[in-house]
Amino acid sequence: MKALSDLQLFVRAAQSSSLSEAARTLDMSPATASAAIKRLEAELGAPLFVRSTRHLRLSPEGELFLDDCRAGLEILEQARDRLSAGHQTVCGTVSLSMPSDLGRNVVLPWLHEFQRRHPQILLRLQVSDRLTDIMRSAVDLALRYGDPPDSTLVSLAVCPDNRRVLCASPDYLARHGTPLSPRELVRHNCLCFMLSERIHDHWTFMRGAEIVEVDVRGRFQCDDGDAVRRLALAGEGVVYKSGLDVAADLRSGALVRLCPDWQTEAAPLNLICPGRRHLRPAMRLLHSFLVDRFSTVPVSG
């Protein structure tokens, strides 16, 4: 359906502000994509983009057309899904964004099994701790801790009971001692994670009605969650990580949980998408698969 692919290209290009990126996500050549946009503009009798050598932005006409185009695509995709509902084979492409540590060490091995079960589904993976603007990028789903800041996005629970875990390696504890209370963390080297230039150095703990908030310090600050965990494994300090990230390390003894009588911060894992009507069968299938897999991981806190 050429008309449908032209509309999909227009929406992708508007989201990413890049025709070449939109073409790549839809397996088109840049020349084919450019011709498709020109064809769509000719059919509508209006320019949809304002182009320069470096930038692509929507024209006033394009801004007006974008919302209607999205709504029309949703209706067409729902109709297509209903037509294919009786088919046993689910196919399509799903673009998934994942945090670095969780993506590399937990989710990626599972996705091998998912594709063996569903070989007609193509997965495009983005493994990074940089926050993806799902409305402006070519991403269908994003695994994220906590609720999305944008209330227009839909959040699908994947592991709602997950919490952060305070832990360190046996080697670090042998050299520096074991903190018995969160208040003692001010005397330890705490490994801090940075997200969107913000340093997460304010850690909160609860025990009954008592709440302790600690401003921690350390010799390492890193914007990659996998690197922070590896520093902890190497004995460089105390880490306050998602229980999902360190579950295997705790089971093996490579990391030791600290202050177990204190409750730690909630870190529910969700699958974020632009809207429930955007959920195609392949995306729903992936969500169900991830919920099932994460249910087997013990969460602490």
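# Briefing: fold, packing and salt bridges of a predicted model

The protein exposes about 15,500 Å², of which carbon and sulfur atoms supply 52%; accessible areas come from the Shrake-Rupley method with a 1.4 Å probe, and for residues only the protein chains shown count as cover. This is a predicted model, in which local features need pLDDT of at least 70, side-chain atom pairs count only at pLDDT 80 or more, and totals for chains, interfaces and linings use all residues. Residues are numbered from 1 along each chain as its sequence is written, and side-chain values use heavy atoms, with hydrogens and water left out.

**Overall make-up**

- The secondary structure comes to nine helices and 16 strands; helices (H or I, at least four residues) and strands (E, at least two) are DSSP runs, numbered from the N terminus.
- Of the 301 residues, 45% count as buried; buried means under 20% relative accessible area, exposed over 50%, and partly exposed in between, with a 1.4 Å probe and protein chains only.
- Among contacts (heavy atoms within 4.5 Å) between residues at least 6 apart in sequence, 75% join residues at least 24 apart.

- Five strands form an open sheet with mixed pairing, in the order 4-3-5-16-6; two strands pair if DSSP finds at least two bridges between them.
- Strand 4 and strand 6 (154-159) stand at the edges with a single partner strand each, so one side of each has no neighbour in the sheet.
- Direction ignored, neighbouring strands of this sheet are turned by 25 degrees against each other on average.
- Strand 3 (residues 92-98) pairs with strand 5 (residues 141-145) in the parallel sense, over two bridges.
- Ala-142 in strand 5 is the bridge partner of Ser-97.

**Helices on the sheet**

- Helix 5 (residues 100-117) packs on the sheet and touches strand 3, strand 4, strand 5 and strand 16 (269-273).
- The direction of helix 5 makes about 170 degrees with that of strand 4; axes are lines fitted to C-alpha atoms, for helices over the stretch in contact, and angles run from 0 to 180 degrees between N-to-C directions.
- Helix 9 (residues 281-294) also packs on the sheet, touching strand 3, strand 4, strand 5, strand 6 and strand 16, and its direction makes about 35 degrees with that of strand 6.
- Pro-281 belongs to helix 9 and is partly exposed, with a relative accessible area of 31%.
- From C-alpha to C-alpha, Pro-281 and Gly-92 are 8.6 Å apart in space, although 189 residues apart in sequence.

**Nonpolar surface patch**

- Leu-108, Leu-125 and Val-127 make a nonpolar surface patch of about 200 Å².
- Patches are made of residues with over 30% relative accessible area and no salt bridge; like charges are joined within 9 Å, and nonpolar side chains (Val, Leu, Ile, Met, Phe, Trp, Tyr) within 5 Å.
- Val-127 lies in strand 4 (residues 121-127) and counts as partly exposed at 32% relative accessibility.

**Salt bridges**

- The count comes to 21 salt bridges, a salt bridge being a side-chain nitrogen of Lys or Arg within 4 Å of a carboxyl oxygen of Asp or Glu.
- Arg-229 and Asp-101 meet in a salt bridge through their side chains (3.0 Å, N to O).
- This pair links distant parts of the chain, with Arg-229 in helix 7 (residues 225-233) and Asp-101 in helix 5, 128 residues apart.
- Arg-229 counts as buried at 7% relative accessibility, and Asp-101 counts as buried at 2%.
- Arg-229 also forms a salt bridge with Asp-226, where the closest N and O atoms are 3.2 Å apart.
- Asp-226 and Arg-229 both lie in helix 7, three residues or about one turn of the helix apart, and both are buried.
- Salt bridges that share partners join Asp-101, Arg-104, Asp-224, Asp-226, Arg-229, Arg-230, Lys-241, Asp-245 and Asp-249 into one network.
- The side chains of Asp-261 and Arg-207 form another salt bridge (2.9 Å, N to O).
- Asp-261 lies in the loop between strand 14 and strand 15 and Arg-207 in strand 10 (residues 202-207), so the pair ties together parts that are 54 residues apart in sequence.
- Asp-261 counts as partly exposed at 44% relative accessibility, as does Arg-207 at 36%.

**Positive phi angles**

- Most residues other than glycine have a negative phi.
- Ser-17 has a positive phi, near 55 degrees, and sits in the loop between helix 1 (2-16) and helix 2 (19-25).
- Cys-259 has a positive phi near 50 degrees and sits in the loop between strand 14 (256-257) and strand 15 (263-264).
- Ser-17 counts as partly exposed at 28% relative accessibility, whereas Cys-259 counts as buried at 5%.
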